[in-house]
Amino acid sequence: MDQRRLHEIEARCTQESPPHCRAACPFHLDVRAFMARMAEKKPAEARKVLERHLPLPGIIGRICDHPCENVCLRLDLGGSLAIHALELACVTTGEQTRRLLPMPRKRFRMAVLGAGLAGLAAAHDLAAKGYPVTVFHQGEAWKFLRDRYPALKKDVTTGQDPLAADREMLARRQVLFSEAVLDAALAERAETEFDGVLIDADAAQALAPPESAIDAATLHWRGKICCAGWLSVTATGHCYASASAQAGQGRCAAQTLERLASGVSLTAAREKEQGPLHTSLEGLEPEPRVEPAAEIYTENEAAREAARCLQCECLLCVRECAYLQKYKGYPRIYARQIYNNASIVKGLHTANALVNGCALCGQCQELCPENFSMAELCLSARRDMVERDFMPPSAHEFALEDMESASGPECALALPDVSLPQGRPASWLFFPGCQLAASRGEQVGALYAYVRDALKDQAGQRAGVALLLSCCGIPARWAGRETLFKEHAARLAEQWEQLGRPQIMAACSSCLSALRDALPEAKALSVWEVLDGLPLPQASPQALPEVFSIHDPCTARGDAAWLTAVRSLARKCGARLEEPRLSGAATACCGYGGLVWCAQPDLARAMSEHRAAGLPHTALASCIMCRDRLVADGKKCRHLLDLLFPDQGAADETQKGPGLSARRANRAALRRRLLRAYLGTEEDEAAPAIVHVPPETLARLEERHILLSDVEGAVAAAEAGGGRFQNLENGHWLASWRPRHVTFWAEYSNEDGVLVLHDAWCHRMQVPGSGGQSGCVADSG
């Protein structure tokens, strides 16, 4: 990712874009901060916000024509915020709070011809930056402004002067006021003697050129002269003085005068156009504007009105994603962190975690009005880290090992439909996926037997259904190992060719997406679409919850056929469904996607808990990992196969799925069962366990992603070769074993001839003397 691409990605996140009110303000007043301070009854702090953004805050706060209120999102929800009235309350009841720090005097001298609002605003901004400024005016210095804006006249009752604070501020900044005739001779003299000249088109109309002669973006006229302060024109042709427009032009012209004096580009690095800040109004109720009892809001009235502010922000994706919430930011920030991480030789630990914490589910892109995709960003970063050998080996290694095991000789099976006439290939290939095979082997067998018998060809003969037990390879893609994914896809393609190129039906949405990418010619579709066109399997009557909350897998969010077929089948089974707030295209991930369960288990649990909280009733899932993860965190959930084949080993809605070791054993057992049922082949059962593992110890192994087979290997190696240490205090043995680039440690004891496991650990580094595959280290006391 280069800087250009980074900026393209960042631009899609609108969280840092100004809210509508701020974008409409010529001074980009931070209305949110101002409203927050007023709501907190902190007018002095609110005044600081005005002084930080507005030129002549005491004046603008009294006469602004508030274009911000026309775009306030509260406009149709009780009326726009009374932003100007609150500014008025703030500037009339509070004193100036900003400390004027002395600025080094710059050598460039500026002249302002005309003491109108544009000219005085420009004088304020230039003087604030240390430029010597002289304002030439005709008659009394502030008379034109008072005549133009009656709200600035002195209060004859109280004697208060609305101009006093800003007059004092300009004086302290050494702005000089000089009375003169505003004519061509003055303009010629100013152009000769000063480094920059501003003509106030309202107060010095005789000197101002036609507005059409001025550059609209910079307000530059010619040479060192700018012009600002024109009257605004309504649609009916009526001219009027817009305080916000005139002062805003003064600020723009002041910026141009600085650039003219310094000899730099008048247009480079000006304020950039930003997309609108998207703010959801869903669920908001109208709340009427608080009207003041008198002319000016009291403190309590002002606080109540300011509290109506929506504090506009986007964060649509962050509010719905446990992953985005974890890192206390939003996608624009994360994009910058990931870019910076890629620019550092070995990366930052926190940014690596950020890259590997995304479930790659795509919900953020679906919710974002600008289609910002953290999935695309994080997957690209993973691939980059893998290519440069910066990806931590431990991040996804267990998941990749599990993928290889599911596709290896003990678990994988390419089974042709041997009931067909010899030489005739099957029309269909059933691909259940490695996780369904691991969790629901009996249901996989029942489903295969059903579609094998039920699917007919056009002549009414059996169409033939082959079976392929394997992993689809999606873990490799999620891990950023695209080369490994393509190698795995090539093996699947070879098996598909050998089975006669049948059409694939998959029971896992992740498998379906991977197969459609790897084998587009197989025209893969979901098994649910196939089943929806067949009679329902015969099953015993079953009791169903009164209503299910349907949960859609995140990898099926764009698959309308999957989503439709699942709902149709569930209703045919008698289920009453209710759509949760986020379903279909907007569904949330259970924490399995993107290998978060492997890289960051705690975050994966937070994701499943977050999803469970959005399902008010017993959940119904069409993805087995969604079902097992939701139940593991206490959410009642059934799988769709529980409704279709309730007699075939279906777990109830509270029974947890098998653990990691049991899942591998279940895959191997399903393979043996299918070989026996369809080919009459008997294979040896798995060897009995040599180590007794108490339930609490097994739970710790699951948390640490340690398989029983690896623990038993460590113990067996220690018992055979003596690669162990003994704790003399309790008599326990500590065995080590390194069958691959992972070292396993097992603490066990021999209790009356039974080897009992007390604990186990693993790490992915070489420890000298820790033992190898043969466990060849001598006993140590």
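Reader: What is the strand order in the open sheet of 5 strands?

Author: Strands are DSSP E runs of at least two residues, and helices are H or I runs of at least four, both numbered from the N terminus. Two strands pair if DSSP finds at least two bridges between them. The pairing in this open sheet is mixed, and the order is S18-S22-S21-S20-S19.

Author: A note on the source. This is a predicted model, where local features need pLDDT of at least 70, side-chain atom pairs count only at pLDDT 80 or more, and totals for chains, interfaces and linings use all residues. Residues are numbered from 1 along each chain as its sequence is written, and side-chain values use heavy atoms, without hydrogens and water.

Reader: Which strands stand at the edges?

Author: Each edge strand has a single partner strand, so one side of each lacks a neighbour in the sheet. They are S18 (691-692) and S19 (724-726).

Reader: Which residue in S20 is the bridge partner of Arg 724?

Author: S19 pairs with S20 (residues 733-740) in the antiparallel sense, over 3 bridges. Within S20, the partner of Arg 724 is Ala 735.

Reader: His 66 has a positive phi; is it buried, partly exposed or exposed?

Author: Most residues other than glycine have a negative phi. His 66 is not a glycine, yet its phi is about 40 degrees. His 66 sits in the loop between H5 (57-63) and H6 (83-93). Buried means under 20% relative accessible area and exposed over 50%, with partly exposed in between (1.4 Å probe, protein chains only); at 26%, His 66 is partly exposed.

Reader: What is the relative accessibility of Lys 523?

Author: Lys 523, also not a glycine, has a positive phi of about 50 degrees. Its loop runs between H24 (509-518) and S13 (525-526). Lys 523 counts as exposed, at 62%.
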